[in-house]
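Please read this briefing with the sequence and the model side by side.

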Amino acid sequence: MAEKHDSVDFLDPTHIPDSERGALVAVQPQGFFIRHPPKPHDLNENVTDEAHLFQTIHMGAAVVDTSQWRLIIDGLVERPLSINFDQLRQMASESVTSFHECYGSPLIAPTKNVWRIGNVEWTGVPLRDLLAIARPHPQASYVWSDGLDSGVFAGVSADRYRKDLPMEKALSPEVLVAYEMNGQPLGKERGGPVRLVVPGWFGTSSTKWLCRLSVQATRPQGPFTTVFYNELDPEDETGVRTRPVWKAQPNAMIVRPRPHEVFDSPCDFEVWGRAWGAEEIVLVDISLNGDDCGQATLAPRTQFEWQLFSLRVSVPHKGRQIIQARATDKLGAQQPLGHSRNHINGASLRSGQDLLVGQLLVRQW
């Protein structure tokens, strides 16, 4: 029998390994699925609703019996524990607004799939509160997270989706064992009933259909930490060393002007957009044809939400123009000019020769 204490059950040595997987009813539909986000100029709202938030499912969507759901916390802890859904909901909760970004396909160059991004509010129990109850051992360095999904991704079989967090990040107050998004219960395709949420990091670390957290001394060796989701370390001059896909680098996208908008020449208009990263963005520089237009007005960050920037720009003559936004975070990291996942992009403006003379066609590039 498990010992009961407050809102959790401590496990005894007779606990059956992997018993938490009994909450899995099916993986349906099976296989990879992606729902692409709207184009940047359609992301008008500060908080992204479910219909406009991208979905990435690697091996299929888990159908979970909430009444049978359990979260196991074990490994290098003094007090392994089990918690059911009602017990989790009874614990003190927090809400965190955070950008939510997909790294892109691990099968192709990450520069090919950018701006899979949204901004949402998550609600759940801070992971560090659960770890405080379990009491990790001093040698604990990582927290492994298991999902209930299994199957095949890119020809590689996995009996579960497993990721990890360094203990320092796992103990950060923003990391949640979440059961709501934007004030609504998590749906099946969003990883419900419970998922991990790791603000500031790419979505690959936010394990969906969460069922186990295992405290360990080393990183796991599953395909989603070894085969997939590693990238070349830009600090390695040899171009050989890799690092895990964890933190989101500073980034910015222009939301206005829209593609194909027409302006009279000369013209002046507001450039505005969103900036985000693992660290707070402190500068967004706007340029026109490579010439500095100045620093945009930038909203401060209160949690991990994306940040609105804007600047009034004048275009004195017709012809092809390039407007770009470049973000810098509080640690001094700046978007690279090219050849990187987060290199700067912008809006392309050019003479509307097939329209009225003296007008400009605005085009996102």
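N251 is buried, with a relative accessible area of 2%, where buried means under 20% relative accessible area, exposed means over 50% and partly exposed lies in between, for a 1.4 Å probe and protein chains only. This is a predicted model, in which local features need pLDDT of at least 70 and side-chain atom pairs count only at pLDDT 80 or more, while totals for chains, interfaces and linings use all residues. Residues are numbered from 1 along each chain as its sequence is written, and side-chain values use heavy atoms, with hydrogens and water left out.

**Around N251**

- N251 belongs to strand β21 (residues 251-256); strands (E, at least two residues) and helices (H or I, at least four) are DSSP runs, numbered from the N terminus.
- The side chains of N251 and Q335 are joined by a polar contact of 3.2 Å, a term for a pair of N or O atoms within 3.5 Å, of which, within protein, one must be able to donate a hydrogen and the other to accept it, and for which residues adjacent in sequence count only if both atoms are side-chain atoms.

**The open sheet**

- Strands of a sheet pair through backbone hydrogen bonds, either parallel or antiparallel.
- Four strands form an open sheet in the order β21-β23-β27-β26, with antiparallel pairing, and two strands pair if DSSP finds at least two bridges between them.
- The edge strands of this sheet are β21 and β26, each of which pairs on one side only.
- Five bridges join β21 and β23 in the antiparallel sense, and M253 stands opposite R274 in β23.
- Strand β23 (residues 267-276) pairs with β27 over nine bridges, again antiparallel, and here R274 stands opposite L308 in β27.
- Strand β26 (residues 297-298) runs antiparallel to β27 and is joined to β27 by two bridges, with T297 opposite S310 in β27.
- V315 lies in β27 (residues 307-315) and is buried, with a relative accessible area of 1%.
- Although V315 and D264 are 51 residues apart in sequence, their C-alpha atoms are 9.7 Å apart in space.

**Aromatic rings**

- The whole structure holds nine aromatic pairs, in which rings of Phe, Tyr and Trp (its six-membered ring) have centres within 6.5 Å, and planes under 30 degrees apart count as stacked, over 60 as edge-to-face and the rest as tilted.
- One of these pairs is formed by F153 and F228, which are edge-to-face at 5.0 Å centre to centre, with 75° between the planes.
- This pair links distant parts of the chain, since F153 is in strand β12 (residues 151-153) and F228 is in the loop between α4 (223-226) and β19 (230-232), 75 residues apart.
- F153 and F228 are both buried.
- Y161 and F224 form a tilted pair, 4.5 Å centre to centre and with 45° between the planes.
- Both Y161 and F224 are buried.
- F32, F153, Y161, F224 and F228 form one aromatic cluster.
- The charged end of R301 sits over the ring of F304, 4.6 Å from the ring centre; this requires NZ of Lys or CZ of Arg to be within 6 Å of the ring centre and within 35 degrees of the ring normal.
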